[in-house]
Amino acid sequence: MTTPLSPAAPPHDPPAEAVAPLVRGVAVLTALTEAGGTLSASALERRTGLARSTVDRITATLARTGYVRQEGRDAVLTPRVMELGNAYLAALRLPALLGTHADALADDLDESVSLAVADRDGIRFIHQATRRRAMSVSFRIGDLLPAERTAPGPLFAVEWTRPEWTHWRARRATDPTDAGFPALPPRGTTADDDFEARAERARRDGWALDDQLIEPGLVAVSVPVRDPHTGRVACVASIVSHTSRHTAADLRATLLPRLREAVTAMETELREAAPPRPGPPPSGLAGWTTASKHELGRDFVESLARGLTVLTAFGEGRAALTLTDVARATGLARATARRALITYEHLGLVTARDRTFALTPRVLSLGYPPLSRTTLAGLAAPHLRALTDRLHEPTALAAPVPGTDPAEIQYLAVATASRVLTVDITVGTRFPAARTSLGRALLTPDEPPGYALADEELESGLRSIAVPVRDRNGRPVAALNVATHAARRTLAECVTDVLPHLRTTADHLQTDLRLTSRFTRVPLT
């Protein structure tokens, strides 16, 4: 059986200087991503071809870095892994500069709008403004699609070189069903095969259509956004809909002019953008990995952890780095940083040019897609469970209900405790904000104590303490609480014994929210 030429797999054996544990670690992260974020150790063993002992050591190391957590026999991607993709998106700058234009167009048209960049012979999404409907587009930031089954693809193919066309033909021959693109349904036998002609039309017209190439009912129209300094395609903006709302012809006639106006505004934004201000690079990473090795011994793969820190050296104002820059940012020896960069270049995660290195869109394949559609309730769930297990008390997350007078709160997530006498409040329950600690924490988030108590005001015997949860701009968007029976803890004990753990949990949740919301919208549920 012929092995498909997957766009995510390197086409040749790794060079002698490549870091083998880093190659294996990337394979595990990729497998978890393609599986939706969760796999058992045995499933990882089958998907990666690695020995079980190797899988166990890699997942233990990834857990120590905070990129996965262990849930029984499963390894689960955590929000922290998004810092890898965030490094690429920050260095790219396009989502930060153009995302608001895409969002405004989506709001204006009430249709989904996306931005995508080229990734070899595929396209990868870097921004999604998706409408939440019963039937909506389910692509995520980081998803990779074959160029020939999309509207952006022909626009990127206009600039392909002869070797890039050769690579595309080879991939099509070895992977006729698109098995190397897990975000897509398999290609059917009636798939459109006139991609080269579509590319030529895109060259002539300056825009392109997808008339149900991905699956029946899905249509899109795309226009390139050009780099004002080079004239080349920087990304492609698309309006995506389905045939019950717009036909392909209707997209061209009614929505293409609006898309072109938005693209003109995007190109103006790029032309007038001030140079990026480099933020502080990460520091102390090498020391952290050494300490972890001393603590965990052989179960911690130090070369994997150190190699992953190299990706986080990049970011806004740090799009192209020399070897010296990377070594300085990470605290790694030049030889260590060099081997990691050689490994990433082999894996297609880094490009090298004129003695500088840059991240590629493929970095988004390391955990980003399944986490880019997370919710605040989903982020909170493991933290609530851990807090409940620690305190043996029920915990909850709630948010204000817009437009209610008097103000109300609604429960978004709960974790129950194994007690005979316990609080039983389900997700979706609404209460007057002023009668609950959750509501009070949201009504007065800036009070000096920084927490709120409720003592038997909602129900006799029910006592609770809550703290606000703030977004990356410092705005309170939800609250966390711990509830107990009045006979189990006094009010003073709620403050002295419970509050420190509650605040730590809120800090962890806020860290996750800052990571996930940097380039994606995180809805409450």
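The questions below concern a pocket, the cavities and a helix contact in a predicted model.

Biologist: Which residues lie nearest the centre of the largest pocket?

Modeller: The largest pocket holds about 1,600 Å³ of space. Its lining divides into 23 nonpolar, eight polar and eleven charged residues. Of the 42 lining residues, those nearest the centre are Tyr88, Leu92, Val233, Ala234 and Leu359.

Biologist: Which element gives the most to the lining of the largest cavity?

Modeller: The largest cavity has about 200 Å³ of space. Its 22 lining residues include Tyr411, Val423, Ile425, Asn481 and Ala483, the closest to its centre. Strands E12 (395-400), E13 (408-415), E16 (462-470) and E17 (476-485) each give two or more residues. The one that gives the most, with three residues, is E13.

Biologist: How many charged residues are in the lining of the second largest cavity?

Modeller: About 110 Å³ of space lies in the second largest cavity. Among its 14 lining residues, Phe125, Asp210, Ile214, Ala220 and Val240 are the closest to its centre. By class, the lining has ten nonpolar residues and three polar ones, and the charged count is one.

Biologist: Are H12 and H13 roughly parallel or roughly perpendicular to each other?

Modeller: Helix H12 (residues 323-330) and helix H13 (residues 334-347) have axes 9 Å apart. Leu323, Thr324, Val326 and Ala327 of H12 make the contact with Arg334, Ala337, Arg338 and Leu341 of H13. The packing angle is about 110°, and angles of 65 to 115 degrees count as roughly perpendicular. H12 and H13 are therefore roughly perpendicular.

Notes: Residues are numbered from 1 along each chain as its sequence is written. This is a predicted model: local features need pLDDT of at least 70, side-chain atom pairs count only at pLDDT 80 or more; totals for chains, interfaces and linings use all residues. Side-chain values use heavy atoms; hydrogens and water are left out. On a 1 Å grid over the protein atoms alone, a cavity is a set of points where a 1.4 Å probe fits but cannot get out, and a pocket is an open set with protein on both sides within 12 Å along at least five of seven lines; lining residues have an atom within 4 Å of a point. Grid points are joined across faces, edges and corners, and a volume is the space filled by probe spheres set on the points. Ala, Val, Leu, Ile, Met, Phe, Trp, Tyr, Cys and Pro count as nonpolar, Asp, Glu, Lys and Arg as charged, and the others, Gly among them, as polar. Axes are lines fitted to C-alpha atoms, for helices over the stretch in contact, and angles run from 0 to 180 degrees between N-to-C directions. Helices (H or I, at least four residues) and strands (E, at least two) are DSSP runs, numbered from the N terminus. Angles under 35 degrees count as roughly parallel, over 145 as roughly antiparallel, 65 to 115 as roughly perpendicular and the rest as oblique. Contact means heavy atoms within 4.5 Å.
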